[in-house]
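Dear colleague,

Please find the structure below, together with its sequence. My findings follow it.

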Amino acid sequence: MHFTLQSEFWSRRYKENESPWDLGEVSPPLKEYFEGIEDQEMKILIPGAGAGYEAAWLHQNGFSNVYYMDFSQEAAEQFCKQNPSFPEKNVLVGDFFGEENSYDLIVEQTFFCAFEPSEENRCRYAEKAYQLLRSGGKLVGLWWNFPIEKDQIDPPYGGSLQEYISLFKPYFSSIRFFPCYNSHPSRQGKEYFAIMTKKQIHS
Ligand SMILES: C[S@@+](CC[C@H](N)C(=O)[O-])C[C@H]1O[C@@H](n2cnc3c(N)ncnc32)[C@H](O)[C@@H]1O
């Protein structure tokens with residue numbers, strides 16, 4: 001297994017406070033999207049949640065069914081310490097690819113770019129998101145708009161619009177990737193905001 005796929009790699013980075021991906025606040029485009037959701041009881045999964053600003057924001061703003069997930073024990077512990085009112089049973093310390101519950105919404109932010117970017121892994125992500133969503137459920141969030149560099153070793157691993165569309169097309173309909181207009185200042189011009197709906201596959 002590639003090193004970056006191991007939870008210890010991430011736990012060490014959190015312990016050593018080496019987390020340059022950490023925005024220090026809820027991501028502005030996600031906050032704006034959350035503000036438009038009417039059903040505050042929808043079941044939401046945030047995989048690879050790290051410091052969990054999105055989970056915390058949703059919880060603090062009345063969403064009652066939000067699940068924080070990260071396979072780094074250290075990340076989850078730091079999140080619980082920072083957010084003592086967040087329900088412990090909604091903190092999932094585990095591997096996204098092993099998750100089996102169902103959700104109405106899965107929120108993506110710097111998780112897809114964090115694991116080894118093989119075609120196999122990326123296809124597994126798309127398929128897993130599809131499997132975890134209930135009928136009509138949505139995968140929503142942010143994807144980088146820059147390519148993976150030649151000889152790149154560490155994340156974040158980017159991608160192209162063409163790759164993203166072909167990955168998600170078998171599992172999702174109404175796939176919309178927009179150049180993100182309201183990114184965090186440190187990410188201006190570097191990401192897409194995307195929304196897609198679980199496909200109804202008829203046999
Ligand atoms: C780059 S960090 C991003 C954290 C957070 N989304 C943010 O934006 O601050 C990637 C996170 O994904 C987690 N992660 C990586 N692979 C995972 C997996 N297979 N299952 C669950 N979490 C995973 C890591 O532990 C790490 O916290």
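The shell around the ligand comprises nine nonpolar, six polar and two charged residues; here Ala, Val, Leu, Ile, Met, Phe, Trp, Tyr, Cys and Pro count as nonpolar, Asp, Glu, Lys and Arg as charged, and the others, Gly among them, as polar. This is a predicted model, in which local features need pLDDT of at least 70 and side-chain atom pairs pLDDT 80 or more, while totals for chains, interfaces and linings use all residues. Residues are numbered from 1 along each chain as its sequence is written, and side-chain values use heavy atoms, with hydrogens and water left out.

Of the 17 residues around the ligand (a heavy atom within 4 Å), those that come nearest are Tyr14, Gly48, Asp70, Gln109 and Thr110.

An oxygen atom of the ligand lies 2.5 Å from a polar side-chain atom of threonine 110. The protein buries 97% of the 590 Å² that the ligand exposes when taken alone (Shrake-Rupley method, 1.4 Å probe).

As to aromatic pairs (ring centres of Phe, Tyr or Trp, the last by its six-membered ring, within 6.5 Å), the structure holds 30. Tyrosine 68 and phenylalanine 79 form a stacked pair (planes under 30 degrees apart), at 4.3 Å centre to centre and 15° between the planes.

Yours sincerely

Notes: Polar contact = N/O pair within 3.5 Å; in protein donor to acceptor, adjacent residues only side chain to side chain. Phe/Tyr/Trp six-rings, centres within 6.5 Å; stacked < 30°, edge-to-face > 60°.
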